[in-house]
Amino acid sequence: MYYTITLNPAIDMLTKVENFELGKLNRTGESDYVVGGKGINISLLLKNIGKESKALGFIAGFTGSFIKNELKKQGIKSDFVETKGFTRINIKLTTDTETEINSQSSKVSTENIKEFFGTLEGLNSEDTVFLSGNIIPGMESDDFVKIAEKVRQKGAKLVVDSNKDMVLNTLKYKPFIVKPNEFELGEMFGVELSTIEDIKKYAGKLQEMGAQNVLVSRGSKGAILFTSTGEVLGANIAKGKVVSTIAAGDSMLAMFVAKYDETKDFRLSLQYASAAGGATSFSAGVGKKELIEELLVQIKVDEVL
C-alpha cells in the first residue's frame with residue numbers, strides 16, 4: 001500500500017491575469033481550484049495511473065473538508081487528523097511569469113500530533129510512505145524526523161522530498177529515494193552548482209549519508225538519477241504548452257517509485273517519471289495516464305558520463 005503524508009496541505013487556486021499591474025484592479029479569467037500539498041499531489045498521480053494510496057496529514061475547517069471531499073470524489077482514501085481552524089489556500093498566479101502566494105494553515109496541538117502518529121501504527125514491510133513537504137505550524141522539525149524513524153521502525157519503504165534540513169536529517173533512516181532540484185541540492189551543502197560534475201559530487205554525498213537513490217530535477221535541463229547500483233542516468237523533458245509547473249516534481253517522484261516497484265528498471269522508471277512531470281506541467285492539476293503515455297516517446301534516457 002502507498003501512503004502519502006501531507007502535514008501542511010492546501011487548496012491551490014490556479015488563476016491567470018492578462019496585463020497584470022501591481023497596485024491596480026486586475027481581473028482574472030475563470031480559476032481552477034485543486035487540492036494541493038506534495039503528498040496529496042502524489043496520491044493524485046498514483047490514482048491517475050491506477051495505483052491505490054491513502055492520504056495522511058492534518059486538515060481543518062471548510063477548506064479541509066473540501067480537500068477530504070475532493071479526494072473522496074476521486075476514489076482516494078484518507079485518514080486525516082481533523083484540527084481546529086482552517087487549512088490554507090494558496091494562489092498560483094500566471095501573468096508574464098508564475099507567482100506563488102502561499103498562506104499559512106492554523107496551528108496543530110500536541111494532541112493532534114500524537115493522534116497523527118497513531119495513523120502510522122498499521123504500517124508494515126509491504127508499504128511505501130511518501131514523506132513530503134514541510135511541517136505545519138505547531139510541529140517541530142524533530143517531529144518530521146520522528147515520522148521517518150517511525151516508518152523505518154515499521155519496516156516500510158521511505159521516500160522523502162522536503163526542504164534541505166529535513167531531508168538531511170532523515171538520511172540516517174536510509175530513504176529509498178530523495179528528490180532535490182538542482183538549486184536545493186546546492187543549498188543543502190552551501191554551494192552553487194555550475195556543472196554536471198558538481199551535481200555528481202553532491203548527489204554522491206547524499207548517498208554516502210544514507211540515500212539509496214537520488215533524483216535531481218533540473219527544470220528545462222531534465223533530470224539526473226543516481227542509482228543504488230552506481231548508474232548515473234539523465235533524461236530530457238517533453239515539449240508542450242506549460243499550464244503550471246506546480247506538482248510536476250511530485251508527479252515525477254510518484255511515477256518513478258510506482259514504475260520501479262512494477263519493473264525494477266531504473267531507466268524505464270526515469271523515462272516514465274520525466275513524462276509524468278511533463279504531463280502535469282501541461283495540465284491544470286496532476287497529469288493523466290493517457291498524456292503521460294503520449295509523452296513517453298519524447299523522453300530519452302542516457303548514461304551521464
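## Valine 129

Valine 129 is buried, at 1% relative accessible area (buried means under 20%, exposed over 50%, partly exposed in between, with a 1.4 Å probe and protein chains only). Its place is in strand E8. Helices (H or I, at least four residues) and strands (E, at least two) are DSSP runs, numbered from the N terminus.

This is a predicted model: local features need pLDDT of at least 70, side-chain atom pairs count only at pLDDT 80 or more, and totals for chains, interfaces and linings use all residues. Residues are numbered from 1 along each chain as its sequence is written, and side-chain values use heavy atoms, with hydrogens and water left out.

Not counting residues up to four places away in sequence, valine 129 touches Tyr3, Ile5, Leu123, Val151, Ala156, Lys157, Leu158 and Val159. Contact means heavy atoms within 4.5 Å. Asparagine 163 is 34 residues from valine 129 in sequence and 17 Å away in space, C-alpha to C-alpha.

## Helix H4

Helix H4 covers residues 141-153. Its 13 residues should span 18 Å at 1.5 Å a residue, and its end C-alpha atoms are 19 Å apart, which agrees. The expected span is 1.5 Å times one less than the number of residues.

The buried residues of H4 are Asp143, Phe144, Val145, Ile147, Ala148, Lys150 and Val151. They pack against strands E1 (2-6), E8 (128-132) and E9 (157-161), and against helices H3 (110-118) and H5 (164-170). One of these buried residues, Val151, is touched by valine 129. Glycine 155 follows H4, with a positive phi near 85°.

## Helices H6 and H7

H6 (residues 182-189) and H7 (residues 196-208) have axes that come within 10 Å and cross at roughly 65°. That makes H6 roughly perpendicular to H7 (angles of 65 to 115 degrees count as such, under 35 as roughly parallel, over 145 as roughly antiparallel, and the rest as oblique). Axes are lines fitted to C-alpha atoms, for helices over the stretch in contact, and angles run from 0 to 180 degrees between N-to-C directions. The crossing of H6 and H7 is left-handed: by definition, the near helix is turned anticlockwise from the far one by less than a right angle.

Glu182, Leu185, Met188 and Phe189 in H6 meet Ile199, Tyr202, Ala203, Lys205 and Leu206 in H7. By class, this contact has 7 nonpolar, no polar and 2 charged residues. Ala, Val, Leu, Ile, Met, Phe, Trp, Tyr, Cys and Pro count as nonpolar, Asp, Glu, Lys and Arg as charged, and the others, Gly among them, as polar.

H7 has 13 residues and reaches 18 Å from first to last C-alpha, close to the 18 Å expected at 1.5 Å a residue. Its buried residues are Ile199, Tyr202, Ala203, Gly204 and Leu206. Their cover includes H5, H6 and strands E10 (177-178), E11 (213-217) and E12 (223-226). Glycine 210 follows H7, with a positive phi near 140°.

## Two loop residues

Isoleucine 76 lies in the loop between helix H2 (61-73) and strand E5 (77-83). It is buried, at 4% relative accessible area. Leaving aside neighbours within four places in sequence, isoleucine 76 is in contact with Ser43, Leu44, Lys47, Ser53 and Leu71. Lysine 200 is 124 residues from isoleucine 76 along the chain, and their C-alpha atoms are separated by 37 Å.

Asparagine 26 sits in the loop between strand E2 (10-16) and strand E3 (32-36). At 22% relative accessibility, asparagine 26 counts as partly exposed. Beyond its neighbours within four places in sequence, asparagine 26 is in contact with Val17, Asn19, Phe20 and Glu21.
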